[in-house]
Amino acid sequence: MNAGVSQAMALQLGEVLSDGAHVFTNPESTEFKASMSCWTDVNKQTPTAILQPATELDVEKIVYEAVKAKIPIVIKSGGNSPWSTISSGGWIIDLSLLSNFSLDTQNQTATIQPGVLSKTINVAVQEAGFCIQSPGSAKVSCVGFLLGGGSSHLNGLYGMAVDSLVSARVVTAYPEKGTVMCSEEENEELFWAIKGAGQFFGVVTEVTMKMYPLKEEEGPLSWTMIFTADKMKEVALALEKVSKGEQVVRSPGLAMVMAMPGFQKPGIMVSLIHFRPEDEAEKIMDPLLELNPAQQIKKVLPWGNMTDAADMLAGHGGIKTLHSCGMKEFDGKKFEKSLELWEKIDKEVPGAKGSSFLMNWFALDGVKTKEGTSAWSHRDMGVWSMHFISAEDEASHNSAVALSKEYFDMCQADLQMSEKALFPNHWRGKDFDRRFRGPGTVKKLRVLKELWDPEGVFTKQFL
């Protein structure tokens with residue numbers, strides 16, 4: 001699409017959108033730059049126009065006009081997806097103005113639009129006496145997080161975030177289909193698809209999901225410990241005990257190798273969230289306490305503050321990548337290798353020494369009960385090895401990513417090909433069978449793509 005024509009059409013469309021909607025076409029304007037803000041600048045492109053709908057009807061008008069004129073579009077909500085970018089000629093549909101939510105405490109549900117970020121909903125449900133499956137970072141869209149599966153501290157208790165989805169409203173690509181409601185009773189197949197692959201089938205303008213009562217005696221108690229790198233073997237051995245067994249249902253956690261703020265050398269951070277009384281939590285932490293951590297922080301966290309610890313990784317801008325692979329259980333030897341990876345990058349790619357490498361674990365009790373109910377297909381993966389690559393320049397970034405992928409290959413070397421998992425929200429490309437595993441999963445998604453988005457308006461994935 002010619003950029004001039006695309007711009008003219010966007011401006012013309014702006015005249016028929018609601019009063020609260022915006023259309024930005026000047027890349028130098030403050031509004032355009034603010035809307036372009038993203039978690040990463042990797043592969044960042046400049047569109048011809050950014051359209052901010054203020055209502056669902058606005059979304060319909062924008063999508064239908066783009067389809068009619070064959071203008072490529074991408075959807076943006078919280079700005080954390082590295083794929084919410086498009087080049088000249090295309091439009092970004094920025095959903096940040098769709099930021100309403102409501103809580104139904106009687107039915108224990110929350111209805112949320114895509115512009116609602118994690119911190120906002122966490123504070124609201126806490127004040128109402130509840131908790132909810134939400135992103136681990138304050139600035140992530142709850143809806144965008146959910147559509148890729150949605151992993152949270154509550155996995156062991158209630159499953160993935162998609163398992164708590166009650167219904168969703170989806171703007172499809174074509175006026176004849178319109179905006180549809182999907183749930184277990186309506187458009188059931190589409191409902192199955194958006195629970196794990198939702199960004200490929202339409203614009204989700206609203207979701208209703210379950211929230212859960214939060215008892216004061218169940219915390220959550222956050223317990224973080226810092227260890228020096230020379231204790232890696234002892235820490236890895238202790239984590240073998242802490243990360244396994246029935247106790248993990250109410251005590252999920254993570255272990256990370258990183259250079260702590262203000263330090264040039266790596267350390268080990270271990271952090272668990274306990275949904276249990278403090279005396280019970282202390283028994284679980286005993287193997288780590290015996291190692292005399294260099295520092296520890298223990299405090300009860302209001303649900304509204306659950307994302308605070310991740311704020312240092314949540315800022316927009318910079319040359320960054322987050323990607324991951326699945327593992328069936330925590331492996332101390334493999335975690336030890338993450339320290340070796342940090343040291344290798346420090347030596348060979350010093351421009352990426354700001355990177356960090358973690359493993360997070362959770363019980364599968366709540367996850368396995370929903371087998372087959374969604375496109376999320378990693379219900380046998382109780383650990384995710386996640387790498388946060390942060391670099392000073394593109395060359396360093398690419399070199400670190402290559403080393404990171406070698407590490408993932410090592411992590412999954414003992415798995416059959418059908419068992420090798422990639423977290424859907426962290427990858428794109430042709431690795432469908434690793435992002436959407438299981439007999440017939442990809443085939444079913446392809447069939448549904450042909451039904452709901454045969455021209456690939458919402459990416460060409462599955463076509």
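Helices (H or I, at least four residues) and strands (E, at least two) are DSSP runs, numbered from the N terminus. The model is predicted: local features need pLDDT of at least 70, side-chain atom pairs count only at pLDDT 80 or more, and totals for chains, interfaces and linings use all residues. Residues are numbered from 1 along each chain as its sequence is written, and side-chain values use heavy atoms, with hydrogens and water left out.

**View A. Thr459, in the segment after helix 14 (441–452).** Thr459 is not a glycine, yet its phi is positive, near 75°. Most residues other than glycine have a negative phi. With a relative accessibility of 28%, Thr459 counts as partly exposed (buried means under 20% relative accessible area, exposed over 50%, partly exposed in between; 1.4 Å probe, protein chains only).

**View B. Lys70, in the loop between helix 3 (56–69) and strand 3 (73–76).** A positive phi of about 60° is found at Lys70, which is not a glycine. Lys70 is exposed, at 63% relative accessibility.

**View C. Ser164, in the loop between helix 6 (155–158) and strand 8 (165–171).** Ser164 is buried, its relative accessibility being 0%. A polar contact of 2.6 Å joins the side chains of Ser164 and Tyr212 (a pair of N or O atoms within 3.5 Å; within protein, one must be able to donate a hydrogen and the other to accept it, and residues adjacent in sequence count only if both atoms are side-chain atoms). Apart from neighbours within four places in sequence, Ser164 is in contact (heavy atoms within 4.5 Å) with Gln133, Tyr158, Thr208, Met209, Lys210 and Tyr212.

**View D. Packing of helix 10 (residues 332–348) with helix 12 (residues 394–411).** The axes of helix 10 and helix 12 are 11 Å apart and form an angle of about 165°; axes are lines fitted to C-alpha atoms, for helices over the stretch in contact, and angles run from 0 to 180 degrees between N-to-C directions. Helix 10 and helix 12 are therefore roughly antiparallel (angles over 145 degrees). Helix 10 contributes Lys334, Phe335, Lys337, Ser338, Leu341, Lys344 and Ile345 to the contact, and helix 12 contributes Ala400, Leu403, Ser404, Tyr407, Met410 and Cys411.

**View E. Glu216, in the loop between strand 11 (212–213) and strand 12 (221–228).** Glu216 has a relative accessible area of 75% and is exposed. Between Glu216 and Gly429 the C-alpha to C-alpha distance is 44 Å, with 213 residues separating the two in sequence.

Definitions and conventions. Angles under 35 degrees count as roughly parallel, over 145 as roughly antiparallel, 65 to 115 as roughly perpendicular and the rest as oblique.
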